[in-house]
Amino acid sequence: MLVQPLLIGPIVGHTTPSSFRVGGSCLNADSCIGVIRVRESESTQFLPIQTFHFSAHYNDMGIVDIQSLGANTTYSYEVGYVICDTLDELNQAIDEDKLIWGADTTPDLNGQVTTFPDDANATTRFIMGSCRDNLGNKGEETFDNIYAYLDEIDEELRPTMMFMLGDQIYIDHAHLFGKYKFRPKIDDYFKEYDEAFGLYMFNKVTRQLPCYMMMDDHEVQNDWSLGKFKEDEHKVKQQFNKNTLKNGLRAYEAHQAAFSSLIESPEQFIQQNFPQHPNAGDLNDKKYWYKFTHGNSDFFFLDVRGDSEIRSKKYEAEHTTEPKIISDTQYDELCAWLNDGSGKVKFIASSIPVFPDTRGKLGTPEDKWFLAAKQRVALLDYIRTLDNRPQVVFLSGDVHISAVAQLTHEDDPTFKVFNVISSAFHWYVLGLQEDHFNWGKLLAKKARADHVEDGNATFSKYHSESVIKTAIGRPKIFKRNNFAIVSVENIDGENKISVEFRRGKDYRHILKQLTLSFD
């Protein structure tokens with residue numbers, strides 16, 4: 001019985017000191033069963049073979065959890081699927097040692113992953129990036145360079161995971177209809193994921209680094225928020241149609257959310273049992289934010305799309321009500337996590353940069369934190385006034401540039417937080433430029449973009465500026481395809497956070513290296 005390679009994958013997902021998740025897709029969920037065997041990389045002895053199922057509802061995707069492993073240990077695995085009538089038939093083949101693990105004419109089944117350390121002071125190092133436009137090579141050039149980087153880097157400096165912070169597909173670029181005719185079917189979404197997640201070099205990276213992902217707008221529809229779908233729900237002429245949302249979220253669950261800590265077991269995935277949102281509504285009843293820990297760092301991945309109240313530009317201009325970009329439930333969970341006393345660095349992943357704000361027609365600030373200004377200030381005030389304030393770093397993508405921003409408060413010289421922005425893995429044309437960003441004071445409350453431009457808005461005491469500057473002191477951003485590497489090392493009891501940007505077409509070209517100073 002031949003074990004055949006996954007069509008999408010392997011993709012390694014949520015990992016702990018004692019487990020890792022891996023998965024991908026098969027030819028047909030109704031006639032295929034997944035198999036995996038795992039061994040310590042230094043051993044020739046495999047652990048017992050495990051089987052797992054695929055889901056037709058989720059584009060023939062499947063996941064499996066490998067448990068009871070040693071901490072900070074490297075494991076090799078072989079994973080694929082077999083075509084058989086029943087699980088009993090497969091089990092018999094396993095018992096009789098009749099599985100053939102791959103063939104000369106097929107891609108290999110191999111992967112390798114290192115479990116997380118159980119030392120609370122262990123170094124954390126990860127690759128981050130976002131945005132893979134479906135024009136051109138869909139990011140394959142950048143992932144080719146990431147793979148080469150991983151192959152060359154010294155083991156002690158090797159990143160242990162990778163973050164993909166939104167826009168892993170561009171469904172709207174593949175369907176350039178008029179804005180009131182945008183109605184992709186579920187098969188359209190699946191096709192985009194098949195192409196973007198089935199790329200050879202992409203999977204050469206995803207089979208060896210735990211991947212933590214989040215959605216931004218292009219996984220569903222350009223510049224979407226839950227509020228915009230609600231606004232259009234009962235209109236005759238709809239730009240945001242509920243079936244578009246339903247299909248986009250289903251595809252996101254299949255290919256991205258399934259690999260996170262959102263679900264506790266593969267059985268939940270097969271049963272389509274993603275966690276329910278405490279304030280479930282008709283349009284979206286799922287919770288998509290999640291958290292996890294690695295060594296000296298804690299991570300909270302926000303949902304700033306499926307939880308956002310922001311509505312159309314016209315609606316927001318006509319109403320003074322302050323929208324929220326995350327629900328009260330998500331906000332409260334975030335605040336409790338920030339104040340849990342772990343002593344670790346707190347990384348908050350927000351696909352949309354928390355700061356600086358964008359401006360102009362290309363910047364389209366009307367779907368971003370810009371309109372949730374009051375909630376943003378409340379969150380920053382909460383962080384600033386914590387008794388044991390942790391080091392806080394926001395991680396973002398979305399805007400097709402890479403940069404590092406810092407935020408200070410004019411009345412509190414001890415306060416500083418950072419936003420590391422890394423985008424794009426692949427963007428076909430030049431996007432935002434330096435003058436598309438509003439450096440300086442953040443808004444205190446919602447305002448129209450033109451009022452911000454002419455100074456007729458209410459500003460807070462928080463001030464953003466670029467950490468990276470040109471020779472003449474102007475903000476410096478990187479506009480070509482790239483990826484970032486973030487490290488947290490405990491040196492003499494203090495956590496040192498460093499950031500490095502590398503070119504997507506040449507990983508040896510280091511765009512910038514810097515250390516984030518909280519002093």
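## Pairing of strands β4 and β7

Two strands are said to pair if DSSP finds at least two bridges between them. In this predicted model, strand β4, which covers residues 32-40, is joined to strand β7, which covers residues 74-83, by 9 bridges, and the two run antiparallel. Within this pairing, glycine 34 has tyrosine 81 of β7 standing opposite.

## The sheet as a whole

Strands β4 and β7 belong to an open sheet of 4 strands, whose order is β5-β4-β7-β9 and whose pairing is antiparallel. At the edges stand β5 (50-52) and β9 (110-114), and because each of these has a single partner strand, one side of each is left without a neighbour in the sheet. From one strand to the next, the twist averages 30°.

A helix also belongs to this picture: α1, made of residues 87-95, packs on the sheet and touches β4, β5 and β7, while its direction makes about 160° with that of β5.

## The cysteines

How many disulfides does the model contain? A disulfide requires a pair of cysteine sulfur atoms within 2.5 Å, and by this rule the count comes to 0. For cysteine 26, the nearest cysteine sulfur is that of cysteine 32, which lies 4.1 Å away, and cysteine 26 is in no disulfide. Cysteine 26 has a relative accessible area of 3% and is therefore buried, given that buried means under 20%.

Cysteine 84 is likewise in no disulfide, and the nearest cysteine sulfur to that of cysteine 84 belongs to cysteine 32, at 8.0 Å. With a relative accessible area of 7%, cysteine 84 is buried.

Note on methods:
Residues are numbered from 1 along each chain as its sequence is written. This is a predicted model: local features need pLDDT of at least 70, side-chain atom pairs count only at pLDDT 80 or more; totals for chains, interfaces and linings use all residues. Side-chain values use heavy atoms; hydrogens and water are left out. Axes are lines fitted to C-alpha atoms, for helices over the stretch in contact, and angles run from 0 to 180 degrees between N-to-C directions. Contact means heavy atoms within 4.5 Å. Buried means under 20% relative accessible area, exposed over 50%, partly exposed in between (1.4 Å probe, protein chains only).
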